[in-house]
Amino acid sequence: MQRIVAALMTIAAVAVAAPAHAEDYPSRTIRLIVPFPAGGVLDVMGRLIAQNLSAALGQQIIVDNRPGAGSTLAGRDMARAEPDGYTLLLGSAATLAIGPSLFKNIGYDPDTSFAPVAFAASVPYVMVTGSKSPFHSVKDVVAYAKANPGKLNFGVPNGAPPHLIAAWFKDATKTDIVVVPYKGASTVVTDMMAGQIDLGFEATSVTLSHLHDGSMRALGVATAKRLPELPDTATMIESGLPDFIASSWAGILAPAGTPPQIVAKLNAETNVALKSEAMQARLKQFAAEAKPGTPQDFAAFIAAERPKWIAMAKLSNLKPE
């Protein structure tokens, strides 16, 4: 009888301790793994989230940039982390779809290794050209490309989402446009403004200031509706490409097995941070859209996005370096 009582007391103690532990969360520094080099659009987004979420949680959040192997190195590190809420990942199409479709033996399963916490924000892609370009619309480009196969080119950061979107555009329009890989977006933009590159797809975080000062021209936005920041630019859908929607999106992931109370707290505080005036103002500077919602909302979004990016990766014929 004493053994039974002792066992019941132990079970009760564990049952009480688990919620109490979650209620005490967080009690120390949190690490946010960002699968990209410092300075890029998703790194900037990650740092914004870390700063605002840190204030909401009352604990420091350190951004740990872990680029490499198509963002799968960060995914592997995350999958090996303790599911205690103190290691988080800035999840995106790169880690959850593109990288896993290109690299083998990545060390995690994008479907089962992570617990979606909160969708953070998305930044739309825009089809752009230089200010001296003869093209003023997507339809202009398609008409010229069909009449002059192989004469136009896309400048793209090699292996990045714009590379895949360019491949999707070529397939959707049945055009022969040469894809020129670059090491990064900044060089693409510089060469485009100089007239050395004809076309590109870049996020508004990269292009918006150049579009507003007239050094680049927007041809089409890959959004469902026109952007308030670019009201005169037609969507890709309006330009004759149904369902051509693409954004640079990011959200918070935790390791699979993280206690639901911790996931719920992180989700709630991330939503608070996203709705703050400071965060809204910062996101507006590059036409990003905050995406507050539930973990289930983020999981559903990921499930819908993964097949699209995997299909684009196949169209691009990219090979891991």
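Helices (H or I, at least four residues) and strands (E, at least two) are DSSP runs, numbered from the N terminus. The views show a predicted model, in which local features need pLDDT of at least 70, side-chain atom pairs count only at pLDDT 80 or more, and totals for chains, interfaces and linings use all residues. Residues are numbered from 1 along each chain as its sequence is written, and side-chain values use heavy atoms, with hydrogens and water left out.

**View 1. Ser71 in the loop between strand E2 (61–65) and helix H3 (72–79).** Ser71 is not a glycine, yet has a positive phi of about 75°. Its relative accessible area of 6% makes Ser71 buried (under 20%; exposed is over 50% and partly exposed lies in between, with a 1.4 Å probe and protein chains only). A polar atom of the Ser71 side chain lies 3.4 Å from the backbone oxygen of Pro35. Not counting residues up to four places away in sequence, Ser71 touches Pro35, Phe36, Ala94, Thr95 and Tyr108 (contact means heavy atoms within 4.5 Å).

**View 2. The buried residues of helix H3.** These are Thr72, Ala74, Gly75, Asp77 and Met78. They pack against strands E1 (30–34), E3 (87–91), E4 (114–130) and E9 (247–255), and against helix H4 (93–102).

**View 3. Lys174 in the loop between helix H6 (161–173) and strand E6 (178–182).** Lys174 has a positive phi of about 55° although it is not a glycine. With a relative accessible area of 63%, Lys174 is exposed.

**View 4. The cis peptide bond from Tyr25 to Pro26.** Omega is near -5° for this bond. Pro26 belongs to the loop that joins helix H1 (2–24) and E1.

**View 5. Phe169 in the largest nonpolar core.** A nonpolar core is a set of buried Ala, Val, Leu, Ile, Met, Phe, Trp, Tyr and Cys residues joined through side-chain atoms within 4.5 Å. Met127 and Phe169 touch the most other members of the 81 in this core, to which E4 gives the most, with nine residues. Leaving aside neighbours within four places in sequence, the contacts of Phe169 include Met127, Val138, Phe154, Phe201, Met236 and Phe244. A second, separate core of 15 residues includes Val128, Ile197, Met216 and Val221.

Definitions and conventions:
A polar contact is a pair of N or O atoms within 3.5 Å; within protein, one must be able to donate a hydrogen and the other to accept it, and residues adjacent in sequence count only if both atoms are side-chain atoms.
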